[in-house]
Amino acid sequence: TLPLPPADGRRGRPTLLTYAGVTHGTVRAKVLRHWAEDGCKAQGSAVCTHVNPRDVLARCRLRTADASAPGTPVDGGAVGACFQEALVAAKRSSAFCLEAPGDTAYRKSVVEDLVHGCVPVV
């Protein structure tokens, strides 16, 4: 099991805000997501971290492929675990997690934010 984050607010959380996602959805959602991506890039990692799932998954595939014997197919489970580790690390290092509107009313990531001590901003 993963240890619980400290209960005293931002201590141990060097980043103010994390946004994990890619641009998609309604026009309003696309504008918000694009704004979040650009804003994170402009502010720097002490203020905002953008976790782009496509980039993280690509790095995880390379890392997993490098760890296996040449010619061995990349283990999808290992790639998924690598991605989840990166996402959890980002949420645990942030005080707030931006949750842009998605395709459904329920957002699994809001629950994940709370579990990892990151206040969801909906």
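The protein has 4 helices and 4 strands, where helices (H or I, at least four residues) and strands (E, at least two) are DSSP runs numbered from the N terminus. Read from the N terminus on, the order of elements is β-α-β-α-α-β-α-β. Keep in mind that this is a predicted model, in which local features need pLDDT of at least 70 and side-chain atom pairs count only at pLDDT 80 or more, while totals for chains, interfaces and linings use all residues. Residues are numbered from 1 along each chain as its sequence is written, and side-chain values use heavy atoms, with hydrogens and water left out.

Let's start with the strands. E1 and E3 pair in the parallel sense over 4 bridges; pairing here takes at least two bridges found by DSSP between the two strands. In this pairing, threonine 15 stands opposite serine 94 in E3. E3 also pairs with E4, again in the parallel sense, over 3 bridges, and there phenylalanine 96 stands opposite valine 119 in E4. E3 is mostly covered, with 4 of its 5 residues buried. Buried means under 20% relative accessible area, exposed means over 50%, and partly exposed is in between (1.4 Å probe, protein chains only).

How many disulfides does the count come to? It comes to 3, taking a disulfide as a pair of cysteine sulfur atoms within 2.5 Å. With bonded cysteines counted along the chain, they follow the pattern 1-2, 3-4, 5-6.

One of them joins cysteine 40 to cysteine 48, with an S to S distance of 1.8 Å, and both of these cysteines are buried.

Another is formed by cysteine 60 and cysteine 82, whose sulfur atoms are 2.1 Å apart. This pair links distant parts of the chain: cysteine 60 sits in helix H2 (residues 53–67) and cysteine 82 in helix H3 (residues 76–92), 22 residues apart. The torsion about the S-S bond of cysteine 60 and cysteine 82 is about -75 degrees, so this disulfide is left-handed. Cysteine 60 counts as buried because its relative accessibility is 2%, and cysteine 82 is buried too, with a relative accessible area of 8%.

Then there is the disulfide from cysteine 97 to cysteine 118 (S to S 2.0 Å). Here, too, distant parts of the chain are linked: cysteine 97 belongs to strand E3 (residues 94–98), and cysteine 118 to the loop between helix H4 (108–115) and strand E4 (119–121), 21 residues apart. With a torsion of about 110 degrees about the S-S bond of cysteine 97 and cysteine 118, the disulfide is right-handed. Cysteine 97 is buried at a relative accessible area of 2%, and cysteine 118 counts as buried at 1% relative accessibility.

Is arginine 13 buried or exposed? At 4% relative accessibility, arginine 13 counts as buried. Its side chain reaches the backbone oxygen of histidine 116 at 2.7 Å.

Finally, zoom out to the whole chain. Of the 122 residues of the protein, 29% count as buried. The protein exposes about 7,600 Å², of which carbon and sulfur atoms supply 64%; accessible areas come from the Shrake-Rupley method with a 1.4 Å probe, and for residues only the protein chains shown count as cover. Among contacts (heavy atoms within 4.5 Å) with a separation of 6 or more, residues 24 or more positions apart account for 59%.

Note on methods:
A polar contact is a pair of N or O atoms within 3.5 Å; within protein, one must be able to donate a hydrogen and the other to accept it, and residues adjacent in sequence count only if both atoms are side-chain atoms.
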